[in-house]
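User: Please examine one part of this protein closely, namely a single strand and its surroundings in the sheet. I would like the criteria behind each term to be stated.

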Amino acid sequence: MTLQRMDNVGIVVDDLKAAVAFFTELGMELEGEAELEGVCPDRMLGLDGVRSAIAMMRTPDGHGKVELTKFHAPAAVTAEPLDPPPHTLGLHRVMFAVDDIDDTVTRLRRHGAELLGEVAQYENVYRLCNLRGPSGIIVALAERIG
């Protein structure tokens, strides 16, 4: 048996509409939305009484996906600290390749994104940055130089 692919990255958000708008502005496309509840999500998550709304976002090439989830029940829990620093154990961030990092940062700021540091250059290969987006999500951007 072999691994076929990475299917998606799941992110729990407190405002699904705002998260969809943020990732749409980034350049992802809304693939679909659904309401989930019942035995299957309860068993899969090990929780009782799950009711959630999801939005599946995909990259323009169709290969990368982000599943945004808003829990109606049970209520989502907040990790501490609320906006953990980038060196916190666990899922660190999601990185996207972009054509123009400055334009992308400007557009995402209109959706509440904030730079964690600044746009930095790695050798003569990439310009890179980390942004904090909706629900504290850390999104990294990479622009290939040349």
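Analyst: The following account concerns strand β3 and the elements around it.

The model is predicted: local features require pLDDT of at least 70 and side-chain atom pairs count only at pLDDT 80 or more, while totals for chains, interfaces and linings use all residues. Residues are numbered from 1 along each chain as its sequence is written, and side-chain values use heavy atoms, with hydrogens and water left out.

The protein has three helices and nine strands; helices (H or I, at least four residues) and strands (E, at least two) are DSSP runs, numbered from the N terminus. Strand β3 covers residues 51-58. This strand belongs to an open sheet of four strands with mixed pairing, ordered β1-β4-β3-β2; two strands pair if DSSP finds at least two bridges between them. At the edges stand β1 (9-12) and β2 (29-37), each with a single partner strand, so one side of each lacks a neighbour in the sheet. On average, neighbouring strands of this sheet are turned by 20° against each other, direction ignored. Axes here are lines fitted to C-alpha atoms, for helices over the stretch in contact, and angles run from 0 to 180 degrees between N-to-C directions.

On one pairing, β3 is joined to β2 in the antiparallel sense over eight bridges. R51 in β3 is the bridge partner of E37.

The other pairing joins β3 to β4 (residues 65-73), also antiparallel and through eight bridges. Here M57 stands opposite V66 of β4, and R58 has K65 in β4 as its bridge partner. These two strands, β3 and β4, form a hairpin with six residues between them. Within that turn, G62 has a positive phi of about 85°.

As to its cover, β3 has six of its eight residues buried, where buried means under 20% relative accessible area, exposed over 50%, and partly exposed in between (1.4 Å probe, protein chains only). Helix α1 (residues 16-26) lies across β1, β3 and β4 and runs at about 5° to β3; contact means heavy atoms within 4.5 Å.

L47 is partly exposed, with a relative accessible area of 35%. For the protein as a whole, 32% of the 146 residues count as buried.
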